[in-house]
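The sequence and the structure come first.

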Amino acid sequence: MNKKFLSAVLFGALMVSSTGTFVSCKDYDDDIDNLQTQVTANADAIKKLQELMGQGQYVTGVTKTDAGLVFSMSNGGASITIPVADGKDGKDGTIITMDPTTKNWVIDGKDTGVCAQGIKGDKGDKGETGAAGVNGHSPKIDEATGCWSIWDDAKQAWVVTDQSAIGAQTYVVKYENPEYWELNVMQQDANGKNIGFTSVKLPLSGSLMSITPELNGQSYAQNFKIYYGILTQDVAWKGHKAENGKMTVGMYPTTDRDIKMQLNPSDVDANNYNWSFVSTDASEEIWGLAFGTPQPWSGKATTATRAVTSANGLWSLPRNVVKFTLDSSKGQGREDYALQFKSNDAEKYLFALEGESQLDGQTVKSPYVYTFQASNVNSIKSILPPTLTYAPSGSTFVPRVEYKPNFDTYFSNDNYDEFNQQVPDSVLIYDYYLEIDKSSITDESIKRYGLRITDDGYRFVADKDAVINNTVTYIYHYILINGQTGETKFKVNFNDQAIDVVNKTLASVIGAFDAKTWKDYADAKVEIPNAVKGQIADCDYAYFKDLSLADFFTALGEDGKLKWIDAIARSYGSTTDPKEINKAVFDRKEKAGDKVYTVELLGGDPINNQGQTDIEGYNGYLLNEFITFDYVDATGKTCLTGNIRDLDNIASLRVYFGVNSTMGTVAAPYYTTDGKIYEDSKKVKAALPLENAFRIEVATRYDQYEVSKVNFTFELTAPECPITQESAGNKTTKWDGKQLIVYGEMLDADNKTIAGDMRDAFQGAFDFQNTAYPKKNVEADWYTINLGDAMSAFGGQLIGASGIGAFANLGEIANSSVYSDWNTIGYFNEVDFAHFDVDNVTYYHFGVYKEVLEDSNFGMRFGSLIEDSQKHEFSGTTPLSAPAVYDASGSVVEHYTISVSDANFNMTDAFGRKYYLFDNGTKSRAELTTQWVANRQGLEIDKTAPSLYGLYPVAKMQDTDVTGGLVKFALDSTADKKTTKLVITIDESVGAGKTIDVSLTVTDIFGHSVPVNFQVQTLK
């Protein structure tokens, strides 16, 4: 109704009607016993209702019980009862509603046959107030009869019913547009005399708190375009919107798309608000923007029916075309219109979407994030092609059902506005009417089929079954917002029954993007047809998932499945080429404006979706570059072979996700190679975004009719990095937590440089087999590091990189077993080795997706196999007994002696491998310790003192060094110069029973060492 009300929701502004008292069949004013008690109870109940309204609740229903009128509240709130009392000849607590279909007044369930629906007035042009519509009138009590009097909208007059209102102290009326309950309660003076009804408005939906625009993930709204045509003279037209056979002079603007928004709370009914755009200064009402009835929006498209609330608070304001009168005296023209939205320097103004409550006039604004660009389209002459071969509704057509054509998917390629920007055809149509093409059908057939067009010219219908399996051609006459007229033809084939289009949701594809090369699949005996690979020809890596169609087939039923298979077979056409078959079955939407397709990518990456055209362009690019499909049997074998019999074996829809490792690197949030927001016009490369949810719809069509559809969502995440910080096993490197130790080989003894083999440092970087590295893995090229600022003073280079901030990747590790080829080099001395600090460890999955590996920074140092020995201990009982050696007489002690060999020591290197301090009778120490390159990383080989084969023995007695004096050391060598023992000789003056502390400093060629200690005791 177009009735203005004071605020009753915000704690109780009341409006008193002028109905007052009346004289009826029986005067009930004298019957006022206990009425004061009821008035008090009513006031308390009304106060409680108002409190709940203030808390955001609303009325969900009203019922009448013995106790009174019971108001059910939202959000699980307690119901509120308004007490009522029976009158002498009538019932109190009357409930008056409107029949949702007939719009007749219904009093306590009885249809009065009187139409209640008011007629809404049209919106006026700028600067004038439109003629007010005929308001709906509230029911009242006829003073003459005491019966209910209601407004007859058809007769535009009050009608007195035969339903008594005697005794009515309380009644409720339910209104539409906006929807609310009006609670009417009789007020009385101090003497108990009725003085009139007080009305309280109780909403049927939540009260608007905030408006969130549809921003597609941006902090700034998309730029809306307004197309307008200007008619300076009338154009002959006979469509439904014609005025006296003409489209009259005026300005006809429309937005390029609907306005999408989210209302908070979600139970708000957008139809209870008047919607408009306001500027930041709100100095002048914006004119030339008209919208249709708000519709709940699912996130993809608006629904077709009126609803009280939207499931998620999502609503759409459909674009609309309304004529605005041009008044040159007031400056209403192109310049005046455009300057509402931007200044002459093209600086766009910001606007907010405002909702004004039809109940109480309260307003709520969105953020000021909307911008508009108005452009004239008077230069456009025509739009649709002369003949359309595709069914306009994309559905089946059966007798006795009215159908309205829809050409929203058709876009021309050569229509541009004044800014040279492409214009979608569908928004330019102001009006149309349909006509049966009598050049292709006889009058007799028209009569026999019962063909007709509805009175408004918008719909076609066939009333008789004779039309089944016949094709009818219609003419679509249209007129654009600039007054240009045109026509196109389309054909409709009628069927005996409507096809129940099954749209089944399959399992979601959520998880790691574990793509493999086509060769990997071939090596694993996974058959992937060339027809599939050819659809994403630039991709060299792919990941696939099989989605079972079992539930889909159940929903189709046996006949439906046969129809589905037949539809797939028909899409083959005459080709037997599997690649062309796959392309025909899975006809992917490529870009904005594509008219015919069976596969569409929806939703997904909000950052790169810039308005509808860019969404379609971006998603079309992703779909065609990186996603393809196949129908496979239970074993995973393709069923799209060209042999239609194989279609009977379809068990799953297989979806492939590809990546092109040569395209360049991308990173969140844009996933583009230039690191900027994707723009379809620039043709910048992008990869499938990770951690973004998309939906794919795959339709199957029979001729031009859609017979079924499946859909699924997918969200790919970064896979595990295939390279780990673990040694491969060739014993040249070792990880100690976040420290990488490289056990290198002497590069230059004079310059004291060491070189390390890094192939062993990272599992997955090189193919490691039986202590060898047959090849480098490509993944090594995608693992990068930077040298940090904690480099040792020695300097050097790590994988060829030197200097703070230098960059390297594992693919640059020298793949050679020759130490002079290695490119990890450092300096050393007897105390330390070169070390490096490594940060910004990054992996590029498939060479494309950048992932900074958190907690993967590490330190690297060279190490000594000897210094890092796991075991360096004396084996056996200590002290060793050094027996006395006597002279020839056998009575005089000349000295004491003992020798030690490898039998006395337990020595293992940094990897736990045993090594030897001495030769044995047949092999040298180097030959025994085969894991080392003796002359480049083993023990010192100098057999002279003080080295003595790298042992550097020292003897002490009571902490006094007696080496070379009281205690002498010597190597025991065989005839072939094999050194098998260390001989310890103790001077006789030491005497028997004395203990000597012996320490060996086992030293490698780098001068790094490990101690071994034991004791010797002299004996007689």
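Of the 1020 residues of the chain, what percentage count as buried? The figure is 50%, where buried means under 20% relative accessible area, exposed over 50%, and partly exposed in between (1.4 Å probe, protein chains only). This is a predicted model, in which local features need pLDDT of at least 70 and side-chain atom pairs count only at pLDDT 80 or more, while totals for chains, interfaces and linings use all residues. Residues are numbered from 1 along each chain as its sequence is written, and side-chain values use heavy atoms, with hydrogens and water left out.

**Overall features**

The chain has 10 helices and 63 strands; these are DSSP runs numbered from the N terminus, helices being H or I with at least four residues and strands E with at least two. The chain exposes about 45800 Å², and carbon and sulfur atoms supply 47% of that area (Shrake-Rupley method, 1.4 Å probe; for residues, only the protein chains shown count as cover). Among contacts between residues at least 6 apart in sequence, 66% join residues at least 24 apart, a contact being heavy atoms within 4.5 Å.

**Aromatic rings**

The structure holds 57 aromatic pairs. Rings of Phe, Tyr and Trp (its six-membered ring) pair if their centres lie within 6.5 Å; planes under 30 degrees apart count as stacked, over 60 as edge-to-face and the rest as tilted. One of the pairs, Tyr 521 with Phe 544, is tilted, at 5.5 Å centre to centre and 45° between the planes. This pair links distant parts of the chain, with Tyr 521 in helix α4 (residues 518–523) and Phe 544 in strand β35 (residues 541–548), 23 residues apart. Both Tyr 521 and Phe 544 are buried.

Tyr 743 and Phe 911 form an edge-to-face pair, 5.3 Å centre to centre with 75° between the planes. Tyr 743 lies in the loop between β42 (739–742) and β43 (745–748) and Phe 911 in the loop between β57 (905–908) and α9 (925–928), so the pair ties together parts that are 168 residues apart in sequence. Tyr 743 counts as buried because its relative accessibility is 4%; Phe 911 counts as buried at 16%.

Ring pairs also link residues into a cluster, including Phe 513, Tyr 541, Trp 782 and Tyr 849.

**Salt bridges**

A search of the whole structure finds 21 salt bridges, each a side-chain nitrogen of Lys or Arg within 4 Å of a carboxyl oxygen of Asp or Glu. The table gives some of them.

| Salt bridge | N to O distance |
|---|---|
| Glu 243 and Lys 323 | 3.6 Å |
| Arg 400 and Asp 465 | 2.7 Å |
| Lys 776 and Asp 781 | 3.0 Å |

Lys 776 is partly exposed at 33% relative accessibility, and Asp 781 is partly exposed at 30%. Salt bridges that share partners join Arg 695, Glu 697 and Lys 709 into one network.
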